[in-house]
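Work through the exercises below with the model open. Each task is followed by a solution in steps.

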There are 4 protein chains.
Amino acid sequence: MSLTRPSGKVYDVTDFLDDHPGGSKIILKYAGKDATAEYEPIHPPDAIKTHLPPEKHLGSVDPETVQKVKIEVTDAEKERLERVANRPPLSEVLNLHDFEAIARVVMPEKAWAYYSSAADDEITNRENHAAYHRIWWRPRILRDVTHVDWSTKILGHPSKLPLYITATALGKLGHPDGELNLTRAAAKHGVIQMIPTLSSCSFDELVDAAEPGQVQFLQLYVNKDREISKKFVQHAEKRGIKALFITVDAPQLGRREKDMRQKFEAEDPAEVTGNKQQDKVDRSQGAARAISSFIDPGLDWKDIPWFQSITKMPLILKGVQCWEDALQAYDLGLAGVVLSNHGGRQLDFSRSGIEILVEVTRELKARRGLTFPNEKFQLFVDGGVRRANDVLKAVALGATAVGVGRPFLYAFSSYGFEGVDHALQILHDEFEMNMRLLGARTLEEVKPEMVDASSLQSHIVAVPGDRLYDSNYESMQHARLREVKAKI
Amino acid sequence: MSLTRPSGKVYDVTDFLDDHPGGSKIILKYAGKDATAEYEPIHPPDAIKTHLPPEKHLGSVDPETVQKVKIEVTDAEKERLERVANRPPLSEVLNLHDFEAIARVVMPEKAWAYYSSAADDEITNRENHAAYHRIWWRPRILRDVTHVDWSTKILGHPSKLPLYITATALGKLGHPDGELNLTRAAAKHGVIQMIPTLSSCSFDELVDAAEPGQVQFLQLYVNKDREISKKFVQHAEKRGIKALFITVDAPQLGRREKDMRQKFEAEDPAEVTGNKQQDKVDRSQGAARAISSFIDPGLDWKDIPWFQSITKMPLILKGVQCWEDALQAYDLGLAGVVLSNHGGRQLDFSRSGIEILVEVTRELKARRGLTFPNEKFQLFVDGGVRRANDVLKAVALGATAVGVGRPFLYAFSSYGFEGVDHALQILHDEFEMNMRLLGARTLEEVKPEMVDASSLQSHIVAVPGDRLYDSNYESMQHARLREVKAKI
Amino acid sequence: MSLTRPSGKVYDVTDFLDDHPGGSKIILKYAGKDATAEYEPIHPPDAIKTHLPPEKHLGSVDPETVQKVKIEVTDAEKERLERVANRPPLSEVLNLHDFEAIARVVMPEKAWAYYSSAADDEITNRENHAAYHRIWWRPRILRDVTHVDWSTKILGHPSKLPLYITATALGKLGHPDGELNLTRAAAKHGVIQMIPTLSSCSFDELVDAAEPGQVQFLQLYVNKDREISKKFVQHAEKRGIKALFITVDAPQLGRREKDMRQKFEAEDPAEVTGNKQQDKVDRSQGAARAISSFIDPGLDWKDIPWFQSITKMPLILKGVQCWEDALQAYDLGLAGVVLSNHGGRQLDFSRSGIEILVEVTRELKARRGLTFPNEKFQLFVDGGVRRANDVLKAVALGATAVGVGRPFLYAFSSYGFEGVDHALQILHDEFEMNMRLLGARTLEEVKPEMVDASSLQSHIVAVPGDRLYDSNYESMQHARLREVKAKI
Amino acid sequence: MSLTRPSGKVYDVTDFLDDHPGGSKIILKYAGKDATAEYEPIHPPDAIKTHLPPEKHLGSVDPETVQKVKIEVTDAEKERLERVANRPPLSEVLNLHDFEAIARVVMPEKAWAYYSSAADDEITNRENHAAYHRIWWRPRILRDVTHVDWSTKILGHPSKLPLYITATALGKLGHPDGELNLTRAAAKHGVIQMIPTLSSCSFDELVDAAEPGQVQFLQLYVNKDREISKKFVQHAEKRGIKALFITVDAPQLGRREKDMRQKFEAEDPAEVTGNKQQDKVDRSQGAARAISSFIDPGLDWKDIPWFQSITKMPLILKGVQCWEDALQAYDLGLAGVVLSNHGGRQLDFSRSGIEILVEVTRELKARRGLTFPNEKFQLFVDGGVRRANDVLKAVALGATAVGVGRPFLYAFSSYGFEGVDHALQILHDEFEMNMRLLGARTLEEVKPEMVDASSLQSHIVAVPGDRLYDSNYESMQHARLREVKAKI
């Protein structure tokens, strides 16, 4: 059985049918046809190379001669396209929330589900944002803030903002240019992009697109086949990547039910009557699991020296969630850790990075005498950030920088490169404002004593409401306008 | 007056009219007719034997000759049946919440009311779930979690999951096979079922249905007539029951107003104008009280040695709610306690089992040097559990296992055996995921230091809202799509 | 100018026009007519005697000959009467909340506003109930609770329940029999009624209605003219009143805006264009202020010995709100205090009685060695109670009994005497249930260690919500029923 | 290019086009026409003098001969005017919330947006009010409160209330008389008005309107050109201003998105397709930034001695937000500080003034032995106050007086002078009531021990809700009315 995929290449996928993480059914649907449009956004760019031995690459055909899968434009899709056409001009987008509001209505449902979904009941996903609301400012006055500067250094590399664009998968779900939108905006604004293992664009494409001197980091999901990881890492180092962020919070990708449910809704209704037991597994995977079967759940502290042996790039663990593991990373000579719960997409009821930051700085000070921010062992947090105000709280508490992910996805899903560009410009405006109002001329002046984080560890749930009492209570009313007189 | 009941048996119920816990009126309604359909789900299977002396058993009739009570199918019932027919396929059921959502719309109203109802304002009922939300994880990374194992031993018996199917009454309200659905699914998944005293299926039916070697426990409501209890317990032991859970939180079954209200709504409207004083008591009972008048409010610590004298089964108290009573159970040589408030169905404002667990482990360590989980004195909790994530928190805090009740009722009420089967499969999936994300390969590695339970004891109620201020506040708005141009 | 009032008596009110607390306009409206229907509910029964010198009492007329004020039955009133006719039978009323729900729809709007209104933003009014939600039970098990007894003694007098019917004004607003409904139900159930100074029924009527041996207390608003108060108190003592509760939290009656707003809505729309400055004061008073101008804001601790000199009744201060004042009451030899904020009708942001109870017992133990409940110095609380569960928390924390007000008003406003009777029966049922479930056979066994009140002092307000973030969050959805197939 | 502005003056604005903070486009729109109606409310009265050199003042024209910009009355505006006509009579306005409710519907949208808007997500804006809800009263009883007196002295000047009318900009947006409404009401009620730098009425107009002996303060935004500030301050001192409040929390005016969004909505839809980059800055400014470009972000503690050298008026810093800066102000010999976050309009997540007050009094007592209220170093708070109840909490905690801003804006925007007059009268009523209920005869008797502020520092956010669980929970229902029988 043959399948035509990107660039008019034809492949023999007969033997692969049973191994396809997304199940065989979807492949059979496109047999003998050009599956490029469906294939591209949800497959890592090197998927074919990795999974199909060379002898199955049958060669090229003239794309014009292949039968395209006819995409029927549904009414829902027509309405979506009308919403796309009616996006507000970027000048009306005032904050990062706005991009999300627009992306929600202009993105294809499936893409929105993949980007926005999180683990289980999505408690941690929302807690990531909420945690910042338990930190309050103690700003200082009467300092000459004519000139304020919110640039910094991240792992020794200059950054115009104390944040980086963190790794997120499947950029083409949101925009045909995928992660390239981020690369270009990062260049323009002097910020660092972390290239994801699971990008829609290929790694080399993203490196090629960088401006001379533009700094890029790499996020790594470690493959069960370590040789693949080794090749990837050493290739990255050769191409000039400046740091390697090893993801440690995802031995298996989380159950993200919005994403999983999306699958069902996209199904042909006729199919759902089939033998549920047999096809249950592939059906319930969602995009996340479909693309992640190679990740090694066996990754262990014992692997760290091996990583240190294959690359000279600074190594950072992404997904540390308690001081004990941060301490171990430090003791092993790593360059830093990202305090992160993977955007709430892995273990629900994981605490927010900003909350973990407080315990990490406290314990590493008590046990190793470290103070933060610290050049030799850098702390990063990600998750839930929407405003410069949030970022500055992390900085005040000792973070070197903050990773921002979804907001930039929503920015390019709504407006492509211009969206990310505008998002970064908004952040600049917010930083200028907030630095002045804090009385801090540089990030060094953003100090722990400038925040009151004493409520940060409170995980409060209100006692369940007394519905009978509440429904009896008659809400107070304001004075009311008099009735408008009837017109004669 | 004669009444035909299950299996075409005919009974003389004339003398019993005044003693019927559900009032005489309902019996008179069915006089001379076959009352099986109405009778079965809400009566314990041995009710007739217990309440009617042998001379009132008049013998059998040919069911075909008896006048059936004509059940008129209402419009509401027709709509319900249509909903039943439109249940989503099980493959779309992603979590235990889903079963409840489906059960709510496909179950008969009265059955839903009985299962879902709880005491007074149902504060404790919801607190049981909410309490888990005040416990947050401190997961560990970089441990080889290729192989994770969440099996355990409960009172010495192997269980594939650290949970058991706890006792719940009146299974036939939800499904014609009643508790048999649970017995079968328990067998398939290697978990333990606790047989309830108030099952719709008879005790022997449930034991007979067990696979060879399948472990079952028994929950006991102690009868005012101790001889009846003694016979029941000794019969159970003989039939191979492995442990006896004596319910101690229900000297009287709670006021469950949803259940009670259901009665009124089911009433013939003409009746409500009758003499309210006279028939008030029976009307307001609901299913719970109708079936529970035999329970002895006189049960006392003094009875414990007697139980120890009549059976060799390990004895566990179900419904302990403070450390003092847990300690006393330990000192009396019992095998364990279930920290439980009866699913919120007894005393409102009782604390959740998971909250009590923390004080019990602390005090039993301080006073008797015990650590938990402990083979010799096992702690169980139940109430509010919906995810493996919840169960693991209880394990981390020292519980041997967790009892799960309503979710399985909702599963079989929606899909029969397949529902419970699927529910258990979901839990397996969730356990695998969560164990890996916690960095715990076995339940022994799920440690207290993995959770932050410092907010668990907070019973917070927000200050009542300022309605005038709040209604003046104009909510912020996102950037909006431009108006869609009118079509020409 | 003459006015015909109750019992066909005619009065000359010309000189009184300017002194009328409700303004002159309302009197002029009824000049020469029979104003009984409007007059009765909102005037204390001895108002005429107090305010009009004997020479203004012109004598009697034949009621038939006087022009009745024609009451036009509005559409809204017709709808209300239809709702009254459709009240559910009492057997369907399961709890005290139900009475309130029914009263809200069957009471005249003005009466509902007067009963339900509270001070300022009604924060304290709702906090009174909410505070009970911060107290959780630690029930005990395996105590023989076959016989449970929730009777007690209040100031030496037996009470079948640990609660009394507290004083509330203007009973006839809700029902033509006014406070007599309470007197009769109190008699039937063996509870004590506290007669209010501002009752709609006269004091003597209420005493006359008592059964032989029925215990009644008296609530006193102290008159600027102490002689009037003295006469009233000594008359009460002579009539057999057993205790005097002096209200100390109301030197001036609170601004209750629902009540005040009601006035405007009842106004003739034509009037609102008048000179606002001039008639502002009387218009904005509401019922509360209209009836309370005699209360003395000058009442002082110095007056206590005088009260002790004029009566031998035990004296209790009603409205104490901190331990300092409770201590002073004790040191002055009073019989007790009611920890109360007047049902939230006086000073907003006053704390609930149950919260104050904890500090009072703590400080009076520390400073005077007292333990509670204490026969010699009794503590009462009122406000917010809706269930026996609430009452028992107060008892556990040291209260002798709890005052219940609005629930009984709503009960008789909905169903007259039968309503109050049924309300008390519900409470009996709840007490029996709760005592058993607590493992307490008598009120003495309801101990402080049975509650966890550690969150009671928390006055938490959640951080204002992030509206942009929240409106972006897409709520999770359950599995959905499949579409119902179209009928052929 | 010429422009006709107020009073028929004509100006040459050609060279100024590019410097106009609001962009050139808006000026071009009015070229050659009379722009008075649009110009007046949003420009400080001395704007022309400040920005245009004398030679550009071309002289006067006869207003009648100039082309007026034709204001088209939209349907929305017609509806608004109808709402204005239907305002309730002032006698129905019972509290300050009511003014806001009315202003919201009767004010032009743009004006409402400017007054009500706040920084970022407006968290601090609402927290300012919410913080008062975490402070609860411990009132005292049995004190003779026949006479209560809530007058005080502010910086040595008598005030009939412990509050002042704080500085707010652009009064003419709400009412043609602008801040004159405040001056007149302040005179009538014996309270002090703080004149804002950015008033719509000119400074001299407001001083001229004062009654003899009426005390006024001045709020100062410090100009980059210190000479302008010096002239202004010395002129103010000469005109009798009694104190100078230097704003220190606004080196740059905050991003207030409601205000910014208003701009877009007011835009000609045709314009939004233009080059967004180029005109982005001016478009997104909103009223706040348009009027504030002169403010000096370089203001520093070093400037304080200079202020002390140019005026003998007492100097107060407005916008202090931590004890450290309050201490420094004290050490520099200033007369006091206003603990304020600028009504939530500057740095979001700034704490409320009332919360800061607690730390300031604690630390200044610990470090300098000061007690509060203190004549020599006075503490003020502003933000979020709506009731006398709120004000008294600030007084209890050590504030000399409280600044009230928006409520008075809403009062005059709804009813002009009479609105402010009525608002102050309401406050008097509330003060009388609350003082009596607190048992405080004078403000000196309003003591710290009268409040429980122990929850004030809690910045709690509830754990995000479990949407699946919550949507499964079936809310409890009350007893329901029986169906109304069909009419025959």
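**Exercise 1.** How many salt bridges are there between chain D and chain A?

Solution. Apply the criterion: a side-chain nitrogen of Lys or Arg within 4 Å of a carboxyl oxygen of Asp or Glu. Between chain D and chain A the count is eight salt bridges. One example pairs A:Arg387 with D:Asp120, with 3.7 Å between the closest N and O atoms.

The model is predicted: local features need pLDDT of at least 70, side-chain atom pairs count only at pLDDT 80 or more, and totals for chains, interfaces and linings use all residues. Residues are numbered from 1 along each chain as its sequence is written, chains are lettered from A and ligands numbered from 1 in the order in which they are written, and side-chain values use heavy atoms, with hydrogens and water left out.

**Exercise 2.** State the extent of the interface between chain D and chain A.

Solution. Start with contact, meaning heavy atoms within 4.5 Å. Chain D contributes 74 residues and chain A 62 residues. Next take the buried area (accessible area, 1.4 Å probe, lost on putting two parts together, summed over both). The value is about 6200 Å², and carbon and sulfur atoms give 59% of it.

**Exercise 3.** Which rotation superposes chain B on chain C?

Solution. Superpose by least squares on the C-alpha atoms of residues with pLDDT of at least 70 in both copies. The rotation is 90 degrees, with 0.0 Å of shift along its axis and an RMSD of 0.0 Å. The two copies are therefore related as by a four-fold rotation axis. In chain B, the residue closest to the rotation axis is B:Ala462, at 4.8 Å (C-alpha).
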